[in-house]
Amino acid sequence: MSDFADFRIKGRAALLAGRATHDRPMVEGARRWGAAAVLRPSGEVLDRLAALAGTIEAPGHWVHGRRTLHVTLRSLEPYRDRIPAGDPLRAVYRDALAEAAKDVRPARVRLAGVSPHPGGVLVCGHPQDDTLVRLWERFARAMASRGVRDLEHGRVRDRWYVSLVHFAGPLADPRRIVDWCDAHADVDLGLAELDTAEIVQFVLADASIHVKALEEAPLGQVSPAPPP
């Protein structure tokens with residue numbers, strides 16, 4: 001289980017010591033911002049997340065709008081500018097995600113607490129069931145059975161979160177970011193029910209990140225029990 005208290009302490013220290021990192025605009029083949037499997041919150045929880053993100057003063061950085069806010073399930077590949085409908089890997093992702101999502105209930109995740117980290121600001125996710133872990137494992141197996149590996153490379157995801165900001169350049173005032181995070185360290189945004197897993201592509205436009213949905217697999221479609 002993830003320790004966000006320690007994560008927050010280390011994130012504060014990194015920013016205040018001038019050890020912030022930042023993203024650059026995507027280029028073909030870059031390791032970051034390639035296609036990913038994600039789950040996006042909705043409803044009142046999303047409203048609160050978007051409202052919170054809108055209060056961050058981070059000019060020049062990628063502050064995420066409501067349709068960009070997401071929980072990453074797995075990072076899939078290096079960045080590609082075009083992933084057309086007939087792309088073979090996209091078809092594998094679609095079929096593997098549908099297999100993984102079958103008979104899996106929606107994930108229930110409490111989104112509470114804000115933390116800085118070297119590359120940005122996030123809201124901490126606290127799963128209330130084992131759906132995210134099960135889905136993460138099942139998706140990996142479904143991909144492997146089709147001869148495809150993603151970018152996780154043996155990584156175990158034990159920290160779930162929604163990013164509010166990714167830094168897009170050097171931080172002019174790291175103390176302001178840290179103070180904002182401290183002021184919202186105990187915020188409780190509520191219980192999110194994540195009922196759809198998606199394969200998405202990230203697009204940089206108008207100085208912000210946008211999410212383009214490629215494929216989706218609804219959760220909660222449990223197969224009926226066989227007749228006695």
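**Close-up views of a predicted model**

**View 1. The largest nonpolar core of the predicted model.** This core comprises 53 residues, and those making the most contacts inside it are Leu-49, Leu-73, Leu-111, Phe-139, Leu-164 and Ile-177. In soluble globular proteins, nonpolar side chains tend to be buried together.

**View 2. The surroundings of Phe-139.** When residues up to four places away in sequence are not counted, Phe-139 touches Ala-37, Leu-73, Arg-74, Leu-76, Tyr-93, Ala-96, Leu-97, Ala-100 and Ile-199. Phe-139 is also one of the residues with the most contacts inside the largest nonpolar core.

**View 3. The open sheet of four strands.** The strands follow the order β3-β1-β8-β9 and their pairing is antiparallel; the edges are formed by β3 (71-75) and β9 (208-218), each of which pairs on one side only. From one strand to the next, the twist averages 35°.

**View 4. The pairing of β8 with β9.** Strand β8, which spans residues 196-205, runs antiparallel to β9 and is joined to it by 10 bridges. Within this pair, Glu-198 stands opposite Glu-216 of β9.

**View 5. Helices α3 and α4 against the strands.** Helix α3 (residues 88-101) packs on the sheet, where it touches β3, β8 and β9, and its direction makes about 60° with that of β9. Helix α4 (residues 131-144) lies across β1 (36-39), β3 and β8, and runs at about 20° to β3.

Terms used. Residues numbered from 1 in each chain as written. Predicted model: local features only at pLDDT ≥ 70, side-chain atom pairs only at ≥ 80, totals over all residues. Heavy atoms only, no water. Pairing = 2+ DSSP bridges. Helix = DSSP H or I, 4+ residues; strand = E, 2+ residues; numbered from the N terminus. Axes fitted to C-alpha atoms, helices over the stretch in contact; angles between N-to-C directions. Contact = heavy atoms within 4.5 Å. Core = buried A, V, L, I, M, F, W, Y, C linked by side-chain atoms within 4.5 Å. Buried < 20%, exposed > 50% of the residue type's maximum accessible area, 1.4 Å probe, protein only.
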